[in-house]
Amino acid sequence: MPFWDKHIETLPRDELEALQVKRLKDTVARCRKSIFYRNRLKDVDESRFTTPEDVSLIPFTTKDDLRANYDFGLVTVPRVEIVRMHSSSGTTGKATVIFHTRKDIEIWADLVARCIVMTGAGKADVFQNIISYGMFTGGLGFHYGAEKVGMLTIPSGVGNTKRQIQLMKDFNTTVFHATPSYILYVSEVMVQEGFDPKEFDLRIGFVGAEPHSEQTRQRIEDTFDISAFNSYGMSELNGPGVAFECEEKAGMHLWEDSYLLEVVDPATGEKLSPGEEGELVITTLNREAMPILRYRTGDLARVIDDGEKCPCGRTHVRISRIKGRCDDMLIVKGVNFYPSQIEDVLMSFPEVATNYQVIVERVGSLDSLTVRVELHPKMFDGDLRKLRKLEADITKSIQDEIVVSPKVEFHEPGSLPRSEGKAVRVVDKRGKI
Ligand code: ADP
Ligand code: ZN
């Protein structure tokens, strides 16, 4: 069983928690050096903290706090100590900016290295980083981790799909990192170009940066004949390297020596019982330039609370797949559901290709839900009965899952809009009421 840092990855829980308390106290003390936290922490006395749960005595920090304190409001080091700036993607509004010292970059690379090695990848692999470089953290974050592991790292970035395929072929890429939506698109282009996605040397894929279902992972694994691992992170907490699956694939280990996790009710902010689904709230425990306390990630998941230690030997907590952001929830005809539930159903139909779109409209005073689906080319052979049956089957399965009955529309492969970064799956045309 491979480890990057066996000591810390398998640290007994009591030692891990003692380390968290120590680092939490240090982090709060450090935060007081920033303009934003100096005020925010007036009523907090970290010297009394004795357990990680004492973090709840600190106020939350939100994405809006980061936006309001743009640019250096949360920074705790002199400007000359800062060596890197990153930014979020801006999926939900104005992008936030994050700063790092040299030590921060080292620690981040180390966390990513742990994730990489945990999947069985290593220095003998050729790693193609098929994700956006630049301000987005997915590119450089993984790049530094992969180099630290010693992989031959190809910084191919995103886009220019035919060239991506050429690189895979010419340099025998064995491991890739990509968004699930983009790598599935790569597989379609491979087929168009006359390749079989299984004929490459690929063996491991890191997929993340956007919500995706277990069915989608399965689809990626079957298409390329690889093992795919879920990768979770966000720019405010460095980027990739926050939580990642081990070879057991029974949840993502969240690195608790660097991050303190809470799960709260997104509406009230109240702590939930172990195993209940809620919003992840995360405190950085090992950051210099821009530590963040109790960050409201907006992401929904739950702690895997099966009472079992992960067979891989790591002691760090495991979280479930991310269901989506709290504000991804759709309310259609009074019924609540998440787009990921629709994806789960769609990807279980082998006739469905890799791209889909959900449209919500108001027709008169009624909500209507349309699910546009790309089908495999072989489905367009003139057999209408086959298509009608598939339409009825998909409609029923979606209704069984989310209660609302959708209108299902079939499209040819490549005809729905596609993004090279994070996929935009939902178009809500209803406007605000
Ligand atoms: P933005 O929040 O503007 O999209 P980031 O680029 O920092 O900026 O993206 C982080 C967000 O991406 C997370 O908060 C989460 O919503 C989503 N995300 C990242 N990895 C995953 C994953 N493995 N599964 C689901 N969602 C993910
Ligand atoms: Zn494990």
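**Domain interface and local features of the predicted model**

Apart from neighbours within four places in sequence, Ser368 is in contact (heavy atoms within 4.5 Å) with Ile359, Val360, Glu361 and Val363. Ser368 belongs to strand β18 (residues 366-375); helices (H or I, at least four residues) and strands (E, at least two) are DSSP runs, numbered from the N terminus. Between Ser368 and Tyr259 there are 109 residues of separation in sequence and 41 Å in space, C-alpha to C-alpha.

The model is predicted, and local features need pLDDT of at least 70, side-chain atom pairs count only at pLDDT 80 or more, while totals for chains, interfaces and linings use all residues. Residues are numbered from 1 along each chain as its sequence is written, chains are lettered from A and ligands numbered from 1 in the order in which they are written, and side-chain values use heavy atoms, with hydrogens and water left out.

The protein chain is divided into domain 1 (1-327) and domain 2 (329-428), with bounds that come from an automatic or database domain assignment. The centres of the two domains, taken over C-alpha atoms, are 30 Å apart. In the interface, 26 residues of domain 1 are in contact with 21 residues of domain 2. The size of an interface is often given as the accessible area lost when the parts come together. Domain 1 and domain 2 bury about 1800 Å² between them, with 48% of this area on carbon and sulfur atoms; buried area is the accessible area (1.4 Å probe) that two parts lose on being put together, summed over both.

On the side of domain 1 that touches domain 2, the elements giving two or more residues are α8 (180-192) and α9 (214-224). Helix α8 gives the most, with five residues. The residues of this side comprise nine nonpolar, ten polar and seven charged, where Ala, Val, Leu, Ile, Met, Phe, Trp, Tyr, Cys and Pro count as nonpolar, Asp, Glu, Lys and Arg as charged, and the others, Gly among them, as polar.

The whole structure holds 34 salt bridges, each a side-chain nitrogen of Lys or Arg within 4 Å of a carboxyl oxygen of Asp or Glu. One salt bridge is found across the interface of domain 1 and domain 2. The side chains of Glu188 and Arg418 form a salt bridge with an N to O distance of 3.3 Å.

Two backbone features were also noted. The peptide bond from Tyr70 to Asp71 is cis, with omega near 10°, and Asp71 is placed in the loop between α4 and β1. Arg294, in the loop between β11 (278-284) and β12 (295-301), has a positive phi near 45°. Most residues other than glycine have a negative phi, and most peptide bonds are trans.
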